[in-house]
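Reader: I have a protein model open and would like to go through it with you. May we begin?
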Amino acid sequence: MELRHLTYFVAVAQERHFGNAARRLQMAQPPLSQQIRAFESQLGVKLFERTTRSVALTAAGEFLLQRAEVLLTELEALEGDVRRVHAGAQGILRMGSTGSAAYQVLPRVLREARRRMPRLELEIRGEILNPEIVDGLLCHQLDVALLRLPVSSAELSVEVIQPDELHLAMPEDHPLAAEDEVSVEDLRGEPLVSYPRDSAVAMLTAELCRRAGFQPQILQVVSETSTLVSLVAGGGCSAVVPAPVSALGTPGVVFRQLAERPAVDLAMAWRSADDRPLLHSLLDVIRTSLPLRKDDEAR
């Protein structure tokens, strides 16, 4: 399987049109068609269903497209990484982060990484949720991530960094803002904006409400923590968020502890088979950049 064949195939598969794909590749259409037929012959499978008016992918073609897009993206990234290492970088690692980790934990990690690994190029992808983070790790688009438990993949190693209590973010003029703390029962009938339901925070919130005998009243679902808090600031709704989100300091929003003290674990995750010394040096940086836990401070 040659790289050029993959490139030609992806162009046709994405365009669903040989003429458009040929223009995108800056080549004539007949040679492109010939190359695709040669590719199909080499594989011994049919990748496209062709008619005079349309081009559709077969099941094998759909499968190949998913894998080929990842491979070509990785090859493009690899080319850039090689150039940066040649220019003097110690190496490149890609870190993903859930939104709430970006406000307290991630800045500490970045400061410590710059101090201890000054020649490391660390690329950050923030404001992403667990499913996307796990996919990024498994597809080698991320090397390490800060994410919320649980994580179910057996291919990943996971180490808990810290538990984060859940707080209720509400408009500053909300009746509950006068209270020192609120309870899960206070969420009954409360209009909420929420993370997607497969996020750790949303799942725990739903479970807490279920135990209290009601379902949360979700007005809107958003993925980005900053957007979530902005919607709260706009009034008319509240949100259950990890405590570090309060570091945003969004005007018009106040945060109150939940009396039940529910918490979600923040963890770091990486591919278990990745034994690169550079990665494990960064994992040590993450461990040592965090403040001591209370039980450690007492020792």
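Reader: What does the accessible surface of the protein come to?

Author: The accessible surface comes to about 15,600 Å², and carbon and sulfur atoms hold 50% of this surface. Such areas come from the Shrake-Rupley method with a 1.4 Å probe, and for residues only the protein chains shown count as cover. Please note that this is a predicted model, in which local features need pLDDT of at least 70 and side-chain atom pairs count only at pLDDT 80 or more, while totals for chains, interfaces and linings use all residues. Residues are numbered from 1 along each chain as its sequence is written, and side-chain values use heavy atoms, with hydrogens and water left out.

Reader: How many helices and strands does the protein have?

Author: There are ten helices and twelve strands. These are DSSP runs numbered from the N terminus: helices are H or I with at least four residues, strands are E with at least two.

Reader: Is the protein a compact globule or more spread out?

Author: The protein is more spread out than a compact globule, because its radius of gyration is 24 Å, well over the 19 Å that the globule rule gives for 299 residues. The radius is taken over C-alpha atoms, and the rule is 2.2 Å times the number of residues to the power 0.38. Along the principal axes, the C-alpha atoms fill a box of roughly 75 × 45 × 35 Å.

Reader: Let me change topic. Is H5 buried or exposed?

Author: H5, in helix α1 (residues 3–15), counts as buried at 5% relative accessibility. Buried means under 20% relative accessible area, exposed over 50%, and partly exposed in between (1.4 Å probe, protein chains only).

Reader: Which residues does H5 touch?

Author: Leaving aside residues up to four places away in sequence, H5 touches Q35, F39 and Q42. A contact means heavy atoms within 4.5 Å.

Reader: And how many aromatic pairs are there?

Author: The structure holds three aromatic pairs. In one of them, the ring centres of F9 and F48 are 5.5 Å apart and the planes stand at 50°, so the pair is tilted. This pair links distant parts of the chain, with F9 in helix α1 and F48 in strand β1 (residues 48–50), 39 residues apart. Rings of Phe, Tyr and Trp (its six-membered ring) pair if their centres lie within 6.5 Å; planes under 30 degrees apart count as stacked, over 60 as edge-to-face and the rest as tilted.

Reader: Which residues do ring pairs link into a cluster?

Author: The cluster consists of F9, F18, F39 and F48. F9 is buried, with a relative accessible area of 0%, and F48 is likewise buried at 0%.
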